[in-house]
Amino acid sequence: MKINSFLMKKTISKFFLLTIGLIISSCTSVSEKDLIHLNGYWEIEKVKSNGETFTPRGGAILVDFYQLDSTTGYRKKLAPSFSGNYNSSEDQFDFSIISLEGSFYIEYKEALQPWKEKIISISATQLELEHSDKTYVYKRHEKISI
């Protein structure tokens, strides 16, 4: 009886450790060195909310331009043109990058309504931000060329 109990505990322990390992390895973490990828032009590829995925259709494409210097920067909404340039208003949102509980956030304090966006993942070609129970998936914007 003692051998069966020992084997069962050992099997449960292995299962528990394997499960924890899979959970940890499946989590993508953003490091401070990854934040440099934020710089540049990004367009929304899709928005996830309440188990559904929405993709932008038709209409004018708007692009978010991020400029980050160390831990502060700004974001502007731009409209690309066929000439390869971007049209913009003078409006921009200043932000700071903050670290909370092991995650990085883009914090907009000076906007009409201050808010934070959690950086879920970031690479040279993709950006995922979370705000108000929505996940915004961006792709690197490529200039229009004719």
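Analyst: Helices (H or I, at least four residues) and strands (E, at least two) are DSSP runs, numbered from the N terminus. This is a predicted model, in which local features need pLDDT of at least 70 and side-chain atom pairs count only at pLDDT 80 or more, while totals for chains, interfaces and linings use all residues. Residues are numbered from 1 along each chain as its sequence is written, and side-chain values use heavy atoms, leaving out hydrogens and water.

User: Where in the protein is confidence lowest?

Analyst: Confidence is given as pLDDT, the predictor's own score for each residue from 0 to 100, and the protein averages 83, with 77% of the residues scoring at least 70. Strand 9 has the highest confidence, at 98, whereas the lowest mean, 47, belongs to helix 1 (residues 2–26). Over residues 14–27 the pLDDT is below 50, and beyond near neighbours in sequence this stretch has zero contacts (heavy atoms within 4.5 Å) in the model. The place where confidence is lowest is therefore helix 1.

User: How many bridges join strand 7 to strand 8?

Analyst: Strands count as paired if DSSP finds at least two bridges between them. Strand 7 (residues 103–108) and strand 8 (residues 115–122) run antiparallel, and they form a hairpin with six residues between them. Within this pair, Glu107 stands opposite Lys116 of strand 8. The number of bridges that join strand 7 to strand 8 is four.

User: Which residue in strand 9 stands opposite Ile119?

Analyst: Strand 8 also pairs with strand 9 (residues 126–131), to which it runs antiparallel and is joined by four bridges. A hairpin of three residues leads from strand 8 to strand 9. In this pairing, the residue opposite Ile119 is Leu129.

User: How many residues does the largest nonpolar core have?

Analyst: A nonpolar core is a set of buried Ala, Val, Leu, Ile, Met, Phe, Trp, Tyr and Cys residues joined through side-chain atoms within 4.5 Å. In the largest one, the residues with the most contacts inside it are Leu38, Tyr66, Phe95, Ile97, Ile106, Ile119 and Leu127. Two or more residues of this core come from each of strand 3, strand 6 (93–100), strand 7, strand 8 and strand 9.

User: Is Glu117 buried or exposed?

Analyst: Glu117 belongs to strand 8, and its contacts beyond four places in sequence include Tyr66, Arg75, Phe104, Tyr105 and Ile106, as well as Leu129 and His131. Buried means under 20% relative accessible area, exposed over 50%, and partly exposed in between, using a 1.4 Å probe and protein chains only. Because the relative accessible area of Glu117 is 6%, this residue counts as buried.

User: What relative accessibility does Thr135 have?

Analyst: Thr135 lies in strand 10. Not counting residues up to four places away in sequence, Thr135 touches Lys46, Val47 and Lys48, and also Glu128, Leu129 and Glu130. Thr135 counts as buried because its relative accessibility is 14%.

User: How far apart in space are Gln67 and Gly40, C-alpha to C-alpha?

Analyst: Gln67 is placed in strand 3 (residues 63–69) and counts as partly exposed because its relative accessibility is 31%. Beyond four places in sequence, the residues that Gln67 touches are Asn39, Thr72, Gly73, Tyr74 and Phe95. Gln67 and Gly40 are 27 residues apart in sequence, while in space their C-alpha atoms are separated by 6.5 Å.

User: What is the phi of Ser70?

Analyst: Most residues other than glycine have a negative phi. Ser70 is found in the loop between strand 3 and strand 4 (72–80), and it counts as exposed because its relative accessibility is 62%. Although Ser70 is a residue other than glycine, its phi is positive, near 65 degrees.

User: Which loop holds Asp133?

Analyst: Asp133, which is likewise a residue other than glycine, has a positive phi near 60 degrees. With a relative accessible area of 70%, Asp133 is exposed. The loop that holds Asp133 is the one between strand 9 and strand 10 (134–140).

User: What percentage of the residues of the protein count as buried?

Analyst: Among contacts in the protein between residues at least 6 apart in sequence, 43% join residues at least 24 apart. Of the 146 residues of the protein, the share that counts as buried is 30%.
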